[in-house]
Amino acid sequence: MRPVEETPTARTDYALLSTTYAGLLATVAAAAGRRGRPLELEPRDLLPLSAATFALSKLVVHEKVETWVRAPFVEERSDGRRPKGRRLRYAVGELLSCTRCMGAWGALGLVALRTEAPAAGRVVTTVLAASAVNDFLQTGFTWLCSESNRAAARAEELQAERRARPHMVATR
């Protein structure tokens with residue numbers, strides 16, 4: 001990440017984003033406190049909520065279907081993405097290009113939803129968590145297939161070598 005001095009932004013642009021986040025977080029916390037009942041999140045909710053946050057941030061930052069969200073702030077090119085414009089627009093573009101950054105905002109939104117509408121929040125969290133598990137399973141499957149293909153190619157190479165040198169016996 002480049003220092004603020006090397007971007008077309010000012011510290012106040014980032015301060016505005018940070019203040020907005022802090023204000024939203026304080027609002028969610030205050031709303032939960034005003035109800036006079038404990039937050040309906042338990043330790044066992046942390047893993048699905050984390051997986052849902054992962055899936056949501058990946059969706060917003062990387063997936064083609066969300067280009068409409070990024071378009072005003074991020075230039076999408078064949079060689080990658082970069083923030084558009086200057087000042088706050090550029091800072092929002094950086095935010096929308098960073099999965100860790102979007103993860104913090106996504107977590108806030110998901111916790112707010114779970115706090116304000118627990119049933120709907122559980123549905124959204126479950127769907128996004130299942131999507132995250134799917135991402136990991138797809139990645140694992142792709143890796144296994146790739147490793148299997150590499151092993152098959154190595155075996156074919158060994159067979160070809162043995163056929164090319166019938167007088168030599170391989171002892172491996």
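Two aromatic pairs are present in this structure, which is a predicted model. A pair of aromatic rings is described by the distance of the centres and the angle of the planes. Tyr-21 is partly exposed, with a relative accessible area of 23%. Trp-105 is likewise partly exposed, at 24%.

The other pair consists of Phe-54 and Phe-136. Their ring centres are 5.2 Å apart and their planes are at 25°, so the pair is stacked. This pair too links distant parts of the chain, since Phe-54 lies in helix H2 and Phe-136 in helix H6 (residues 118-164), 82 residues apart. The relative accessible area of Phe-54 is 35%, which makes the residue partly exposed. Phe-136 has a relative accessible area of 57% and is exposed; the cut-off for that class is over 50%.

In soluble globular proteins, nonpolar side chains tend to be buried together. Here the largest nonpolar core has nine residues: Leu-17, Val-60, Val-61, Val-74, Ala-91, Val-92, Leu-95, Leu-96 and Met-102. Helix H2 (46-62) and helix H4 (87-95) each supply at least two residues of this core. H4 provides the largest share, three residues. A second, separate core has eight residues, among them Leu-49, Ala-51, Leu-128 and Ala-129.

The length of H2 can be checked against its residue count: at 1.5 Å a residue, its 17 residues should span 24 Å, and the end C-alpha atoms are 24 Å apart, which agrees.

Helix H5 can be read in the same way. Its 18 residues should span 26 Å at 1.5 Å a residue, and the separation of its end C-alpha atoms, 25 Å, agrees with this. The buried residues of H5 are Met-102, Gly-103, Gly-106, Leu-108, Leu-110, Ala-112, Arg-114 and Thr-115. They pack against H1, H2, H4 and H6. Met-102 is also a member of the largest nonpolar core.

The strands come next. Strand E1 (residues 74-77) and E2 pair in the antiparallel sense over four bridges. A hairpin of two residues joins E1 to E2. Within this pairing, Glu-75 has Arg-82 of E2 as its bridge partner. Val-74, a member of the largest core, touches Arg-81, Arg-82, Pro-83, Lys-84, Gly-93, Leu-96 and Ser-97, not counting residues up to four places away in sequence.

Leu-88 is partly exposed, at 31% relative accessibility. Leaving out residues up to four places away in sequence, Leu-88 touches Asp-13, Leu-16 and Leu-17. Of these, Leu-17 belongs to the largest nonpolar core. Leu-88 and Thr-9 are 79 residues apart in sequence, yet their C-alpha atoms are 6.7 Å apart in space.

Thr-9 leads in turn to Thr-7, with whose side chain the side chain of Thr-9 makes a polar contact of 2.5 Å. Thr-7 is placed in the segment before H1. With a relative accessibility of 9%, Thr-7 counts as buried, because the cut-off for burial is under 20%. The side chain of Thr-7 also reaches the backbone oxygen of Val-4, at 2.9 Å. Beyond its neighbours within four places in sequence, Thr-7 is in contact with Arg-2, Tyr-14, Tyr-90 and Glu-94.

Methods
Residues numbered from 1 in each chain as written. Predicted model: local features only at pLDDT ≥ 70, side-chain atom pairs only at ≥ 80, totals over all residues. Heavy atoms only, no water. Core = buried A, V, L, I, M, F, W, Y, C linked by side-chain atoms within 4.5 Å. Buried < 20%, exposed > 50% of the residue type's maximum accessible area, 1.4 Å probe, protein only. Contact = heavy atoms within 4.5 Å. Phe/Tyr/Trp six-rings, centres within 6.5 Å; stacked < 30°, edge-to-face > 60°. Expected span 1.5 Å × (residues − 1). Pairing = 2+ DSSP bridges. Polar contact = N/O pair within 3.5 Å; in protein donor to acceptor, adjacent residues only side chain to side chain.
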